[in-house]
Amino acid sequence: MLAHGSGCTICVMKRQLLSGNEAIARGAWEAGVHVGTGYPGTPSTEILEALKDYPEVYTEWSVNEKVALEVGIGASLAGGRTLVTMKHVGVNVAADPLFTISYIGVKGGLVIVSADDPAMHSSQNEQDNRNYAHAARMPMLEPADSQEARDFTRIAFELSEKYDVPFLLRSTTRISHARSIVSVAERAAPGRPAGFYRNIRKFVMIPAYARLRHVAVEERMEAIARDADELSLNRIEEGSGGIGFVTSGVVYQYVREAFPDAPILKLGMVYPLPENLIRTFAKSVETVVVAEELDSFFESRIRAMGIPVRGKEFYPRLGELSPGRVRAPLVRAGLIPATDGGEAPTAPAITVPPRPPALCPGCPHRTVFGLLHELGMKVTGDIGCYTLGALPPFSAMDTCVDMGASIGVAQGIEVAEGDAYKRDTVAVIGDSTFAHSGITGLINAAYNGRESFVIVLDNGTTAMTGMQPNPFSGTRISGEGAFALDYGKLAEAVGIDRERFRTVDAYSKEEVERAVRELATLDKLKLLVVKGPCVILRRKQKKEAS
Amino acid sequence: MTVSNILMVGVGGQGIILASNIFTAATMYAGFDTKKSEIHGMSQRGGSVFSHIRYGQEVFSPVIPEGGAHFVFSLELMEPLRWLDFVNRETVLVSSDKRINPANVDTYPDGVAAELKRIFSTIQIVDVKKLQSKIASATFLNVALLGVLSGFLDLPLPAWETAIGETVPRGTFDKNWSAFTHGRTLSDGATEKRSDTGVIGDKGRAPDRG
């Protein structure tokens, strides 16, 4: 190994190579965070996984994002600094508490991370969660690399307490899953949370008190917007040339790469916007181009200020940008000259077969989907690895909407088909997804007298996002043992009798087939648990044991 | 201002992420600014996996600009053909000759190696069967191939050593290091004049360190 001596870079610098997600965890730890909650979801998952390794911080995988935020709210109101993490669509689940905690405010700093996924590398939609900042009347910061991810997280805690409001921190896949060098510091001595003290008019949102708080919310947003002009997170980078760019996040890096000399207004706080700073910048250049991925969030707002800008006429509302995709449309429009050396990419002269992701060899879900394919049943599906059952060779999934939707959608099909319903629909859902929001759907089916046939594919883990435990796994994020939810008792609680509840071995094709065929013919609500550990988890456990 | 761009590709489960973590750490220990970008999630289930690494004096985009790859490093033979948007006439290819059929495809396409030779002016395709017989096990092939790539680059050996030491699982350093150094001896790059690769030039000369 290297002999570390004086002058060795490794020894003298507190510099680490961190992913954006690790940097957010680091920033939160340095800020003295007490509590971290969340639900796994790409690209957010590694934030909490990194935070759990700091012994001073309590972390949990909550049952879903709504609960994660509610636990976070309680922790904040008891005076703890709190980080809540989720992917973009997770914020939809947490939206209910989100909009009202905006009224209540915080005690300990509360930072909510929304990790967005432009281009949908691993998501069912590519919603732009900057819109939540406006809709929930909450400020939002957006870092542009790992260093800023660490810095902005620290600052977000301070600003959250200063303005008495939760802060949203927006990341995207290219920030969360990119690594770069980060200068780090030690943890501030945070002291113990002060504890919860009653403040009924501020914490109890009945209409009379909420009306008062809404006034405070709007005043607060105005104050933050005024201060945004002076906020160091928003900065003008001087340059030359007639075109000035307004941008944020990873797109800032693309703009710097594509136009090294251009003036740039880099927004670190993406909501509310610094109106005076934008005016100053716009006056200093001939043309303002807004470079943003997905929605026309900055552009529409800046135009509403009466400042002429261009943007979406060049850049798509879909997918990710890149240095090339930031530059090419401006060349095509004649705003900047083409550079030489722009050789067209070579196309391969042979056909390269696509390599789509697929269920792993030996995956316990293979049996069920093979069978459902054979039986030709209508399959309402859900979110997880097993959504790959929709692809060939199985092609055994007919819908996939959101977490838990399989069970509700199956009921709707049954209701609408009415007398024509032939018990040929089955809802298929994974264990973690079932705990997340499938159980409420099951209760709905029981309550409303549906005949739904629900299959839970229990592979003992939340596999898609990298093996996180869940309420059925018997362990917590820390690895310590935990209560495991009992399917049998759950079935009993929703009135499913013994004949209509079965647990079978995922690896026994005969068992699975017999259970599916028999249960499908029965009336009333039915629950089948197909149990078989994830092959990747098994391999991992074997490795750890040896 | 020169930034070196390395595109690392392969198939889920082959160890691209580990190899790219080692590489990125090595560039940091060699004194460079460095960034890496990759996609997790779906791509791990036997799909195509890629990782962008960029290092130099100052790096902005974590993603390699189109046509900007100096090197493509692949753990599977046909994978480089998926990423030609990032390739230019000077791009160097270091690839394993390992052939993995995509799920539901029974025959490997013909003429992949010839096509790679047509597109890449400098190319080293490594016979992995031969390589595997010289190292502890197939587990270390990714690191051995990284050794082959390292021969084309001006990163100092101690930076690689530190990077491998801190990245690989505990207790596997010796086997990984020996795989890496063996790969390095096989590298065509080692026999070329380093400046001929045109990638790093004199800025790449790493600072001395103890």
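How much area is buried between chain A and chain B, and what percentage of it do carbon and sulfur atoms give?

Modeller: This is a predicted model. The area buried between chain A and chain B is about 4,800 Å². Carbon and sulfur atoms give 61% of that. In residue terms, 54 residues of chain A are in contact with 58 residues of chain B.

The rule finds 3 salt bridges across the interface of chain A and chain B. One of them joins the side chains of Glu257(A) and Arg54(B), at 2.8 Å from N to O.

Which elements supply the chain A side? Those giving two or more residues are helices H1 (9-12), H9 (173-176), H12 (249-258) and H15 (323-332), with strands S1 (15-19) and S8 (178-183). H12(A) gives the most, with 5 residues. By class, the chain A side has 29 nonpolar, 15 polar and 10 charged residues.

S3(A) runs parallel to strand S2 (residues 35-38) of chain A, and 4 bridges join the two. In that pairing, Gly38(A) has Trp61(A) as its bridge partner.

Finally, salt bridges. Over all chains, the whole structure has 45. In one, the side chains of Glu70(A) and Lys66(A) meet at 2.8 Å, N to O. These two are 4 residues apart in helix H4 (residues 65-77) of chain A, so about one helical turn separates them. Glu70(A) is partly exposed at 30% relative accessibility, and Lys66(A) is partly exposed at 31%.

Glu275(A) and Arg279(A) form another, with the closest N and O atoms 2.6 Å apart. They too are 4 residues apart, in helix H13 (residues 275-284) of chain A, about one helical turn. Glu275(A) is partly exposed at 33%, and Arg279(A) at 28%. A network of salt bridges with shared partners joins Lys14(A), Arg26(A), Glu30(A), Arg150(A), Asp151(A), Arg154(A) and Glu186(A).

Methods: Residues are numbered from 1 along each chain as its sequence is written. Chains are lettered from A and ligands numbered from 1 in the order in which they are written. This is a predicted model: local features need pLDDT of at least 70, side-chain atom pairs count only at pLDDT 80 or more; totals for chains, interfaces and linings use all residues. Side-chain values use heavy atoms; hydrogens and water are left out. Contact means heavy atoms within 4.5 Å. Buried area is the accessible area (1.4 Å probe) that two parts lose on being put together, summed over both. A salt bridge is a side-chain nitrogen of Lys or Arg within 4 Å of a carboxyl oxygen of Asp or Glu. Ala, Val, Leu, Ile, Met, Phe, Trp, Tyr, Cys and Pro count as nonpolar, Asp, Glu, Lys and Arg as charged, and the others, Gly among them, as polar. Two strands pair if DSSP finds at least two bridges between them. Buried means under 20% relative accessible area, exposed over 50%, partly exposed in between (1.4 Å probe, protein chains only).
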